[in-house]
Amino acid sequence: MERPQKPLSMHPKKFALWLFLVTVVMIFAALTSAYIVRKGDGNWLNVEIPSIFWVNTLFIVTSSVTMHLAYLSAKKNNFGNLKLYIIITSILGISFLVGQFIGWGKLVDMGVFFGGKESNPAGSFVYVFTGLHGFHLISGVFVLLVVLVKSFRLEVHSKNMTLIEMCATYWHFLDGLWVYLFIFLLLNH
């Protein structure tokens, strides 16, 4: 007698997260496609990428490592390291956001503005890319803080991994998205 196979299943919140990530990918794919199409129309001045974006890239890649270490700490019920790595990841995420703000200041110093008569479409795209990514990163830092509070309450542990798994997925996604955007801007500026 054959036993019925267990159907493939996923936690509903994880499924919702993956649907959300697909929509974010579609938004950024559309924006990068629009960048390429608009660049071909002319009236395009190349924008120098502020050097602070290199530092920001280091911050976010490092934060992905610390996020993974937090996840591994939760799997091992190492609550001290879990809290430490979530705090470090949050600090690196906030540092990235501060760096983006500094980068916008550098763009303004270079005469690159968003919209208006003085603006260049390339500069506007840089603001949109970095601003939209920054908005998502703010939400990621918020989720990190929720995980941190729950880790202090000992609600994140090896038998309750859903929240930290979702947080890690989202954080790594944001990291990969930034690396994609940064390389795209470097190759297309």
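The loop between α2 (52-75) and α3 (79-109) is the place of N77, a residue with a positive phi of about 55 degrees although it is not a glycine. The model is a predicted one, in which local features need pLDDT of at least 70 and side-chain atom pairs count only at pLDDT 80 or more, while totals for chains, interfaces and linings use all residues. Residues are numbered from 1 along each chain as its sequence is written, and side-chain values use heavy atoms, with hydrogens and water left out.

**Overall build**

- The secondary structure of the protein comes to 5 helices and 0 strands, where helices (H or I, at least four residues) and strands (E, at least two) are DSSP runs numbered from the N terminus.
- From the N terminus on, the order of elements is α-α-α-α-α, and the C-alpha atoms fill a box of roughly 70 × 45 × 25 Å, taken along the principal axes.
- Of the 189 residues in the protein, 40% are buried, a term that means under 20% relative accessible area, with exposed meaning over 50% and partly exposed in between (1.4 Å probe, protein chains only).

**Positive phi in the loops**

- Most residues other than glycine have a negative phi.
- N77, with its positive phi of about 55 degrees, has a relative accessible area of 34% and is therefore partly exposed.
- L154, which lies in the loop between α4 (121-152) and α5, has a positive phi near 60 degrees and is likewise a residue other than glycine; at 46% relative accessibility, L154 counts as partly exposed.

**Packing of α1 with α5**

- Two packed helices are described by the angle between their axes and the distance between the axes.
- Helix α1 (residues 12-39) and helix α5 (residues 162-188) pack at an angle of about 5 degrees, with their axes 11 Å apart; axes here are lines fitted to C-alpha atoms, for helices over the stretch in contact, and angles run from 0 to 180 degrees between N-to-C directions.
- That angle makes α1 roughly parallel to α5, since angles under 35 degrees count as roughly parallel, over 145 as roughly antiparallel, 65 to 115 as roughly perpendicular and the rest as oblique.
- The contact of α1 with α5 has 17 nonpolar, 4 polar and 4 charged residues, by a scheme in which Ala, Val, Leu, Ile, Met, Phe, Trp, Tyr, Cys and Pro count as nonpolar, Asp, Glu, Lys and Arg as charged, and the others, Gly among them, as polar.

**Salt bridges**

- The whole structure holds 2 salt bridges, each being a side-chain nitrogen of Lys or Arg within 4 Å of a carboxyl oxygen of Asp or Glu.
- The side chains of K14 and E165 meet in a salt bridge at 2.3 Å, N to O; because K14 lies in helix α1 and E165 in helix α5, the pair ties together parts that are 151 residues apart in sequence.
- K14 is partly exposed at 23% relative accessibility, and E165 is partly exposed with a relative accessible area of 21%.
- E155 forms a salt bridge with K150, their closest N and O atoms being 3.3 Å apart; E155 is partly exposed at 29%, and K150 is partly exposed at 28%.
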